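Me: I would like to learn how to read a protein model, one feature at a time. Could you take me through this one slowly?

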Amino acid sequence: YQIAEAAASGADTVLLIVATTPFNVLQELINFARSTGIEPLVEVHALVELDVAISAGAKVIGVNNRNLHTFQMDLVQTEKVAEELTKRGLTFHHDDCLKEDGDKPQLSVCALSGMSSAHDVDRYRNVGVGMCLIGESLMRATDAGVAIKGLCLDPKDYAASQSVSGGAYTGGTKIIKICGLTNPKDALVACRAGANLLGVIFAEKSKRKVSVEQARDIVDAVRKFGERSDRMEVRMNASNKDTPLSALVAKSRALELAARRPLVVGVFQNQSFDFIKEMVDKCGLDLVQLHGSEGMEAANSSNFGVPALRVVDIELGSDGTEEEKKDRSSMDTAAAILSKVTSDPIAILLDTSIKGDKHGGGGTGKTFDWTIAESIQNMGLPVIIAGGLTPDNIGEAVGNVRPFGIDVAGGVEAGPGVKDVDKL
């Protein structure tokens, strides 16, 4: 009777969930819906549920990326179902629906749950998925019309939005990193506040250095918050033919996409690759950050099994004044930095260092000349900035410089390794 009421009210479809519906009832409901002129959307998650849906006669299959038993989200699930349908020789590719001649697809596939951006839409479009069900992100949007336009439903719009033409980076701040975390409680506060990256420090000199157990506890808490049980895969599509600049632009976009659910970054400084890889494996880190004199090439993901952020130090004199300013302009400094970047890191992070510090930069509590970051971004490279950021100056940094990302540690602390909730 509910389907009959839906049809009488003008509904175009109804949702039938395999996980909660016995096979004989599912088959009966599919047939009854069709008798009223409605083609039902039949929801599956696991591949075994796909078997049930197909056997019951479903023609429109929705893949819920959320496991209804554990409530964990996995955007790969829709791709797994698409791959399985292809293996079985079942046609579903959306582009085939638009052809005037030839056989039409046997099925239609809809991705359900977890999508909020044009990247998500294009991701599923590329595997033949014809529909995406997007609800929460539109409900939260201040302007639903603008949010829908931002999904780039037309592939031409998406292609135009992703053009890497060498122009200035003008996308604004996409990444917020809270570093120096030492306990799960503070990590969860950062997650709830909207942080994308959570930094745990393994550098020997740091007052915020964590043990394996502390890092593991933080990773577990962040994974639970993000409804995942494993390391987040960062899909980097940079080509070997790309220049370092275009590769880093593409990788920055990949980081932005992956970090919509918070990721844990291990921060290292002049430590061996073997030690870093051991910490990645033992603690379950999603990314690493190299903060010493390791070199650009050290940030290649093949060294650790996960992508790496590469820190570039902006040196201050021992008196805390801008060392670079004595010899050259911010544009010259920016050009010098760009000339040394490689395509190895996933992103570049600019931080303050003090001249003569043998340990490397970081933890100075001092800002550098942000026009250097501005100049680098005007040359096309998105950058993350760190060093001396606090609630008092963060508005100026984000509003005026508009960096790709910001990294805050001591500026939101009540004491070393302990966050101040209000500041955060």
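**Reading helices and strands**

Me: What covers the buried residues of H14?

Reply: Helices (H or I, at least four residues) and strands (E, at least two) are DSSP runs, numbered from the N terminus, and contact means heavy atoms within 4.5 Å. Here the cover of the buried residues of H14 includes strand E10 (308-316), helix H13 (330-340), strand E11 (347-354), strand E12 (383-386) and helix H15 (394-401). This is a predicted model, in which local features need pLDDT of at least 70 and side-chain atom pairs count only at pLDDT 80 or more, while totals for chains, interfaces and linings use all residues. Residues are numbered from 1 along each chain as its sequence is written, and side-chain values use heavy atoms, with hydrogens and water left out.

Me: Which residues of helix H14 are buried?

Reply: Buried means under 20% relative accessible area, exposed over 50%, and partly exposed in between (1.4 Å probe, protein chains only). In helix H14 (residues 370-378), the buried residues are Trp-370, Ile-372, Ala-373, Ser-375, Ile-376 and Gln-377. Just after H14, Gly-380 takes a positive phi of about 110°.

Me: Where do the side chains of a strand point?

Reply: In a regular strand they alternate between the two faces of the sheet. In E8, Leu-263, Val-265 and Val-267 lie on one side and Val-264, Gly-266 and Phe-268 on the other, and all are buried.

Me: Which strands pair with E8?

Reply: Two strands pair if DSSP finds at least two bridges between them. Strand E7 (residues 197-201) pairs with E8 in the parallel sense over five bridges, with Gly-199 opposite Val-265. Strand E9 (residues 287-290) also runs parallel to E8, joined to it by four bridges, and there Val-265 stands opposite Leu-287. Between E8 and E9 the chain passes through helix H12 (residues 273-283), in a β-α-β crossover that is right-handed; this word applies if, with the strands pointing away from the viewer, the path from the first strand over the helix to the second runs clockwise.

Me: Is Arg-123 buried or exposed?

Reply: Arg-123, which belongs to helix H5 (residues 118-125), is buried, because its relative accessible area is 18%. A polar contact is a pair of N or O atoms within 3.5 Å; within protein, one must be able to donate a hydrogen and the other to accept it, and residues adjacent in sequence count only if both atoms are side-chain atoms. The side chain of Arg-123 makes such a contact with the side chain of Glu-79 (3.0 Å).
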